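Please keep the sequence and the model in view while reading.

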Amino acid sequence: MRPGPALEVDRLLDDPRTRIIVCCGSGGVGKTTTAAALGLRAAERGRHVVVLTVDPARRLAQSMGLSSLDNTPRPVPGATAEASGGSLHAMMLDMKRTFDEIVEAHSDPDRAEQILANPFYQSLSSSFAGTQEYMAMEKLGQLRRADEWDLIVVDTPPSRSALDFLDAPQRLGRFLDGRLIRVLTAPTKAGGRAYLKFVTAGFTMVTGVITKIIGAQMLRDVQTFVAAFDTMFGGFRERAEDTYRLLQAPGTAFLVIATPEPDALREASYFVDRLSSDQMPLAGLIVNRVHRSPAAHLSAARSQAAAEVLQPLPGDSPLDLGGNGQGGENGVTGPAAATRDLRGTPSTAATTSRHPLTATALRLHAERMQLAERERRLEESFSASHPVIPMAEVLAQPEDVHDLDGLRSVGKELARGVRLS
C-alpha cells in the first residue's frame with residue numbers, strides 16, 4: 001500500500017465550506033472528465049454546482065449530454081440531483097464575451113460602444129497573450145459573487161498555462177503600468193501648459209519610432225483605446241487581486257490531476273510546488289487511468305511461464321515440451337508424455353498445444369501486471385517526494401467517458417480513493 005494519506009473526495013465535496021474546486025494538470029490527463037465527474041457527484045449529493053471549463057475543446061459538453069456550452073451556465077439534463085436537493089449547471093469560458101460584458105458593465109453606453117468598436121480592443125480581447133487566463137479569473141469572481149451556486153468546479157487549460165491565471169493580476173498590472181501605456185497616456189494626464197508642451201515633444205518623438213514599427217493606424221487605435229479604457233484600468237486590477245485572494249482562501253481546494261506516467265507526474269510535481277510557493281490550498285493529487293487486475297495474485301512471471309507451457313514456441317514438437325526431441329519430463333516419450341502445470345497437475349503435451357487463446361490471455365495478463373508495477377513505482381516515487389499530499393486513484397475505464405453514466409462511474413472511483421491492490 002502506498003504511504004501517505006488518502007484523498008477523501010466525498011468528504012471534500014460534502015463540506016459546505018468548500019466553495020471552489022480548481023482542477024489543474026498537464027494536457028491529456030483527464031482534467032475535464034474529472035471536473036465533470038466531481039461536479040455531477042457533488043450535485044447528486046445535494047450541492048448546487050456549476051462546472052466552468054476554460055478548455056476550448058467540447059469534451060465537457062459531450063460528456064454531459066449537451067450539444068454545446070457557452071458563457072452562460074446551462075442546466076445539465078439527466079443529472080438526478082433534484083432528489084437530493086442539488087443542481088448541476090455547466091458553462092465554457094468565452095473570453096471575448098466575458099471581456100465585452102466587463103466593458104458594458106463598467107462604462108457608460110457611449111464609451112462602451114467606442115471601446116467595443118476599437119480594432120485594438122478587438123484584437124486584445126480575442127488573442128492577446130494572457131487574456132484567457134485573466135478572463136477566467138474575472139468569470140470565477142463573477143460566479144462567486146453571484147452566490148447562486150455553493151460549489152464552483154473549474155476545469156483549467158490543458159498545459160502548464162493552467163496555472164497562468166495565478167499570474168493574471170500581476171501580468172495585467174505590468175501591462176497597465178508598463179512604459180508603453182504610460183507614454184501613450186502621458187499627454188492626456190500632463191498638467192500645465194509648459195509641462196504638456198515638454199511631454200508632447202517627447203511623446204511625438206517616441207510615437208514616431210513606434211509608428212515605424214507598428215504603423216500609424218495601429219498606433220491611433222491603441223491611443224484611442226487607452227484614452228477610452230483608462231478609467232477602467234484600476235477596476236480590472238482590483239477585481240483580479242480580489243479573485244487571487246479568493247483562490248488562497250480556505251474555501252478553495254486545488255486538485256492536481258495526473259496519469260501514472262513519468263511526464264505527467266513530473267508536471268504534477270511542478271504544479272504541487274508552484275501551488276505551495278503561492279500558498280494556494282492544495283487538497284490532493286488524483287492519479288487517473290490507473291491499471292490494475294482483479295487477478296493480482298497471479299504474478300507476471302507465473303502468468304508468462306504458464307503461457308509458455310500452454311503454447312509451445314514455433315518449432316517445438318507438440319509431444320516434446322523438453323525441447324530436445326528425445327522425450328518429455330523424466331524421459332517419458334509418446335502421446336502419454338506428461339508435464340506438470342504450475343499447480344503440479346499432470347497434462348499432456350498434445351493437450352497443451354490446443355489452448356492458444358488461454359496462452360494469449362495469460363500473456364496479456366503478464367503485460368498488465370508489468371504495467372501496473374511500473375505505475376506503482378512511479379506513484380511511490382511521487383509519494384516519497386511529497387509524503388503529505390493526499391492521493392486518490394481512478395481506474396482506467398474500458399471506453400471513453402461520453403455520458404452521465406460514465407461520469408458517475410468515474411465519480412465512484414474518485415470516492416473509493418484508495419488503490420486496489
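## Nonpolar cores

The structure is a predicted model. Its largest nonpolar core holds 91 residues. Within this core, the members that touch the most others are I21, M64, L88, L247, F254, L255 and L285. Helix α2, spanning residues 31–44, is the element that gives the most to this core, contributing seven residues. A second core of six residues is separate, and includes L298, A306, A307 and L362. In soluble globular proteins, nonpolar side chains tend to be buried together.

## Contacts of L247

L247 is one of the core members with the most contacts to other members. Leaving aside residues up to four places away in sequence, L247 touches V22, M137, L140, F165, L166, T252, F254, M280 and P281.

## Strand β1

Strand β1 comprises residues 20–24, and five of its five residues are buried. Both faces of β1 are covered. On one side lie I20, V22 and C24, and on the other lie I21 and C23, all of them buried.

## Partners of β1

Strand β1 pairs with two strands described here. With strand β5 (residues 151–155), β1 pairs in the parallel sense over four bridges. Strand β6 (residues 252–258) also runs parallel to β1, and five bridges join them.

Residue I21 illustrates both pairings. Its bridge partner in β5 is V153, while in β6 I21 stands opposite A253. I21 is also among the residues that touch the most other members of the largest core.

How values were computed. Residues numbered from 1 in each chain as written. Predicted model: local features only at pLDDT ≥ 70, side-chain atom pairs only at ≥ 80, totals over all residues. Heavy atoms only, no water. Core = buried A, V, L, I, M, F, W, Y, C linked by side-chain atoms within 4.5 Å. Buried < 20%, exposed > 50% of the residue type's maximum accessible area, 1.4 Å probe, protein only. Contact = heavy atoms within 4.5 Å. Pairing = 2+ DSSP bridges.
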